[in-house]
Amino acid sequence: MRSTIIIATGLVCRALGHGDHDASQKPMVDEDASWITKHMAEEHHISDFDASSFFVLHDYDADGHWEAEEILRTYGLMDESNKDVPQSRRDKIERDLLQLLDTDEDGYVTRDEFVAFIESGKTLPDMGTGPGHHGDDEYEYEIHHWEKYHDENTRLEDLTHPEDIEHFKKHEQLEDEEERLEKLDKMAIVEDNIPSKFRRGV
């Protein structure tokens with residue numbers, strides 16, 4: 001619970017550090033804007049970007065390539081919100097996007113390939129998987145909930161939305177698990193790891 005309070009306090013401090021801005025910070029985009037424009041507004045609160053910066057931002061391991069997993073992550077397919085998307089649909093999305101972007105068919109997309117794709121007047125298609133949630137829990141909570149409903153004036157007792165409760169409940173569960181693992185590390189022998197037929201008194 002102590003670390004949960006520290007995290008909540010940290011979010012309040014981060015809001016203070018962000019200064020004074022509107023409730024969500026999200027740039028306004030036209031309803032008919034491209035998926036890539038909506039993604040950058042919704043997920044990153046960025047409206048001014050080019051193909052190269054988009055590529056680098058989504059090259060999660062910074063190796064200069066987009067592997068299939070990185071493309072799927074950009075489309076939110078590693079996020080809990082898309083956990084029910086069947087594997088067959090994921091495979092089709094992967095194939096379709098690589099077919100669009102991977103012009104030399106080597107199994108990944110380079111920055112040059114992506115920039116050439118965008119400069120030819122094309123854009124990433126909307127694959128029906130939402131705006132592309134691909135941050136960790138902290139990032140997603142902050143950008144999609146905290147910045148929308150809370151600000152620098154939020155007190156700990158104001159964090160009563162279902163999203164707040166769920167978020168801090170996860171922190172408490174992680175804290176409990178860490179404490180359990182610490183206790184196990186201190187034990188000379190972990191009885192649960194011994195097959196039952198070898199335990200005393202069984």
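This is a predicted model: local features need pLDDT of at least 70, side-chain atom pairs count only at pLDDT 80 or more; totals for chains, interfaces and linings use all residues.
Residues are numbered from 1 along each chain as its sequence is written, and side-chain values use heavy atoms, with hydrogens and water left out.

**The whole chain**

Start with a cartoon of the protein, in which 8 helices and 2 strands make up the secondary structure, and follow the order α-α-α-β-α-α-β-α-α-α from the N terminus. Helices (H or I, at least four residues) and strands (E, at least two) are DSSP runs, numbered from the N terminus. Colouring by accessibility shows that 32% of the 202 residues count as buried, where buried means under 20% relative accessible area, exposed over 50%, and partly exposed in between (1.4 Å probe, protein chains only).

**Helix α5**

Next select residues 87-101, which form helix α5, with 15 residues and a reach of 21 Å from the first C-alpha to the last, close to the 21 Å expected at 1.5 Å a residue (the expected span is 1.5 Å times one less than the number of residues). Show the side chains of Arg 90, Ile 93, Leu 97, Leu 98 and Leu 101, the buried residues of α5. Looking down the helix axis, these buried residues line one face of α5 because they fall within an arc of 125 degrees, the arc being that of the directions from the helix axis to the C-beta atoms. On the face turned away from the buried side, select the exposed residues Ser 88, Arg 95 and Gln 99. The partners of the buried residues of α5 are β1 (65-66), α4 (68-74), β2 (109-110) and α6 (111-119).

The rule asks for a side-chain nitrogen of Lys or Arg within 4 Å of a carboxyl oxygen of Asp or Glu, and by it the count comes to 1 salt bridge.

**The nonpolar core**

Now select Trp 66, Tyr 75, Val 109, Phe 114 and Leu 124, the residues with the most contacts inside the largest nonpolar core, which has 23 residues. Such a core is a set of buried Ala, Val, Leu, Ile, Met, Phe, Trp, Tyr and Cys residues joined through side-chain atoms within 4.5 Å. The largest share of this core, 4 residues, comes from α5. Centre on Leu 124, whose contacts (heavy atoms within 4.5 Å) include Trp 35, Phe 54 and Leu 101, not counting residues up to four places away in sequence.

**Two loop residues**

Finally, select His 45 in the loop between α2 and α3, where phi is near 55 degrees, a positive value in a residue other than glycine, and which counts as buried at 15% relative accessibility. Ala 62, in the loop between α3 and β1, also has a positive phi of about 55 degrees although it is not a glycine, but counts as exposed at 66% relative accessibility.
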